[in-house]
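Subject: Model for your files

Hello,

Here is the structure I said I would pass on. My notes on some of its helices follow below.

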Amino acid sequence: MHANNFPPDAAAAAQQNPALARQIMMAQQHKRFLMTLHQFHINRGNPLPPQLTGIPSPTFNPQTTIWKQVELCPTEHGAFRVAGKDVPLLRLWQIISQAGGFNHVSAQNLWPRVIQVFDIPPEMPGTRESAAMVLKSYYNGILAPFEELHRNNKNAQQQLAQAVQPAVPDPMGAIGGAQVPNSFPDAAMSPSASRGRANASLPPSTPQASGPAPLDLPADTMVDNAPNVDSGLKRKLELEEAEMKRSRQKTEPTPDAASAVTAAPPSASGSVQGSRARARPMRRKIEYVPFAREVDTFGGRDLAALEKYAEEARRRPIRDFNDWGNIDVDHLIMSLRSRVATELSYALTTLSMLSAMRISGPNSGFQISLCPDLLDELLDLLEDTAFEGAMDTDADTLDDDTFTHRELMSHVYDEEDQPFAVLKPKQAGKPSGRGPLPPPSHAIQIIMGILRNLCAFEANCEFLAGQTRLYDCVLRLCSFRREADGSPNAASPALSLTNLIATRKEALYMLCNLAPYTRFTKKDPANPPKVALRRAKHVFQLLASFIIDDTESVPPLQHAQLWTNTPPQHYRPSGLTDIALEALTSVCQPDSNRQVLAKALPNTSLWRTFTALVHRLPVAEADFQLVSRDVWYAYTEKLLLALYSLAFFAPPATKAKLARDRSLAVRAVLMRVVHKLTRGVDAPEMRQWFTAPVRRAIETLKVLEDAADPFVVAEDTAAPTLSFGMGFGQGGESTDEEGHGLLAAYREHGLEVLLAMQAQESVPFNELDSLIRVEV
């Protein structure tokens with residue numbers, strides 16, 4: 001509070017109100033202190049900001065001042081701010097002086113205790129900078145030089161007082177003609193008090209208490225052994241106006257006088273001895289308020305920050321491959337070889353970015369064929385992380401009765417639904433002594449993601465399809481073993497069953513891209529090596545696990561209702577099943593792969609897969625309505641292509657069994673498909689769409705009727721995918737064939753189809769005619 005803020009009649013009112021008189025006196029003392037401090041820094045050549053002292057300064061330049069870093073109080077003169085709390089200069093001066101001065105407080109590291117007096121948090125908001133150090137630097141620049149000059153003047157005045165008389169002239173009169181503020185308590189100005197307090201520690205912050213000092217300061221800022229306070233107060237009052245002097249003399253015996261301090265006059269040796277009354281104990285209540293910003297959270301997450309980051313991500317353009325500059329592949333290889341956590345993190349993160357980027361077009365990206373050593377290091381890291389260097393054995397081979405994808409998912413759901421499921425030990429759980437490092441499954445999933453991204457580029461597919469080690473590593477990682485209770489578990493000790501499901505999905509995406517270029521053996525397919533047979537079996541059973549589930553092996557309408565709750569116009573087949581069918585038809589297309597599969601697959605796997613494919617074909621009218629849509633037409637065509645491939649390389653005995661099995665009814669189902677796709681479509685332009693699936697269904701029936709070994713004269717054909725007689729070398733032949741009557745029971749429907757066929761469809765016409773004709 002400033003002196004000029006009081007009304008003109010404040011002196012008269014102060015005579016009747018002792019509290020108002022005290023406030024007027026304190027305001028005047030505060031003003032004189034700021035004037036003295038202002039003049040002191042002007043003499044030094046570094047004027048203080050006018051907002052800090054409340055006194056204009058013509059020499060102050062805000063552009064070149066050294067006080068830019070000081071945060072000033074916008075509402076009051078004579079104070080600055082630290083961590084959002086106001087720190088008055090006068091009060092800070094008194095506290096440090098009574099604690100022994102700047103040097104003593106710094107030497108004893110008492111600044112953390114000082115900030116408690118002003119209720120300042122330990123750290124600056126938004127940073128980890130110590131608030132105590134900030135307050136120390138402010139004091140060192142503003143008040144420490146003033147304290148040193150004041151101490152030197154006090155020492156000189158003390159020597160003069162001992163030699164002449166107790167009345168000591170104003171010690172600050174030599175500073176620019178300014179007067180020393182009388183608001184300083186004598187305990188703070190007396191050198192004996194400063195020396196007596198030098199060995200004391202700063203007391204903790206306590207509630208405010210009244211005392212004889214003219215300023216209303218907390219009790220922890222008062223000096224416990226302050227001598228001769230009454231004499232100092234009397235000397236201050238002599239400098240006041242007469243009215244203030246009389247007012248002060250009348251209000252001397254106040255209730256606070258019980259705590260006043262009396263002192264004896266100084267002795268000849270200059271020592272001061274005094275006694276003080278014991279302060280009445282007070283009860284105090286301390287409330288701790290945490291310093292934290294207010295945020296709108298949900299589940300411990302800052303929603304506003306998440307929305308901000310999401311908005312920035314939407315605005316951020318996709319970075320081009322060239323934006324990354326030059327990346328040294330040798331450095332990436334060395335980082336992978338080091339097996340150091342930080343180096344692996346750098347290498348895998350960089351490869352993840354590079355593998356997902358496009359260079360110049362949609363089908364171009366990072367060409368792994370230019371750096372084969374990098375692929376070898378990735379596969380080495382994958383094997384070491386997943387199997388800890390253990391060699392591949394026959395124990396990792398899949399059983400003939402493999403688990404389907406749906407069965408694995410159901411097992412995970414049932415296991416996690418058990419009471420206290422999270423407390424039960426599981427495979428690939430995080431070890432207790434691993435610390436903050438991620439589990440090994442994290443690195444495995446990142447590597448699988450990198451390989452999947454690399455397979456998405458057509459330029460990499462042919463190179464990666466020729467890497468047999470890539471197939472062996474990925475297929476071994478996708479294998480599982482049976483526990484004692486019959487439940488499945490990952491063959492890799494680093495993967496849980498949930499990780500295994502995710503890894504098998506990644507492998508499915510990779511096989512879908514690599515299937516057109518996949519060759520199980522490049523040598524004689526009639527006598528394939530054991531490793532090729534094993535590789536072909538693993539590939540087939542991985543793809544079949546997404547197709548052969550009994551619950552999902554239903555016609556299109558039931559299949560769509562099983563997977564989605566959307567309206568009928570938005571029905572779509574299962575994405576994983578569709579991808580598995582695409583990969584299966586592509587892998588089984590070359591005759592060399594068919595020969596290897598014919599030797600590698602057991603009859604149980606072949607029969608189960610063929611049965612699941614037949615059960616997925618359309619049967620009801622609603623199914624054929626779905627087939628008229630693009631996605632379901634492609635789905636049905638893939639089913640028929642897969643049926644033809646399996647029927648082609650099946651052993652002769654298996655073919656005959658499939659053709660005559662009444663529970664499977666493959667003849668009735670395929671004949672209904674041919675009839676509905678030929679006679680059920682009236683528009684000629686729509687009928688052309690179904691030419692390919694109709695021809696493939698007829699050819700499948702023809703292969704089952706012949707029941708011959710197709711690999712007696714086996715050659716890789718260069719004919720198109722939909723040409724007839726693939727593997728037989730009969731494409732384009734129109735010779736009459738002997739009829740065996742496989743479809744004799746469906747002769748009526750067969751004749752309708754024959755009549756609906758156009759003249760250019762001579763090959764399927766002859767095939768179907770031989771199937772419905774019975775010759776003796």
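Helix α18 passes helix α20 in a left-handed crossing (the near helix is turned anticlockwise from the far one by less than a right angle; clockwise would be right-handed). Helices here are DSSP runs of H or I with at least four residues, numbered from the N terminus. The model is predicted, so local features need pLDDT of at least 70 and side-chain atom pairs pLDDT 80 or more, while totals for chains, interfaces and linings use all residues. Residues are numbered from 1 along each chain as its sequence is written, and side-chain values use heavy atoms, without hydrogens or water.

The α18 (residues 440-455) and α20 (residues 468-478) axes come within 13 Å and cross at roughly 135°. Axes are lines fitted to C-alpha atoms over the stretch in contact, with angles from 0 to 180 degrees between N-to-C directions. That angle makes α18 oblique to α20 (under 35 degrees is roughly parallel, over 145 roughly antiparallel, 65 to 115 roughly perpendicular, the rest oblique). I444, M448 and L451 of α18 meet L470, V474 and L477 of α20, with contact meaning heavy atoms within 4.5 Å.

Helix α16 (residues 372-387) also pairs with α18: their axes come within 10 Å and cross at roughly 150°, which makes α16 roughly antiparallel to α18. Residues in this contact include L375, L378 and T385 of α16 and P440, I444 and M448 of α18.

Regards

Definitions and conventions
Helices (H or I, at least four residues) and strands (E, at least two) are DSSP runs, numbered from the N terminus.
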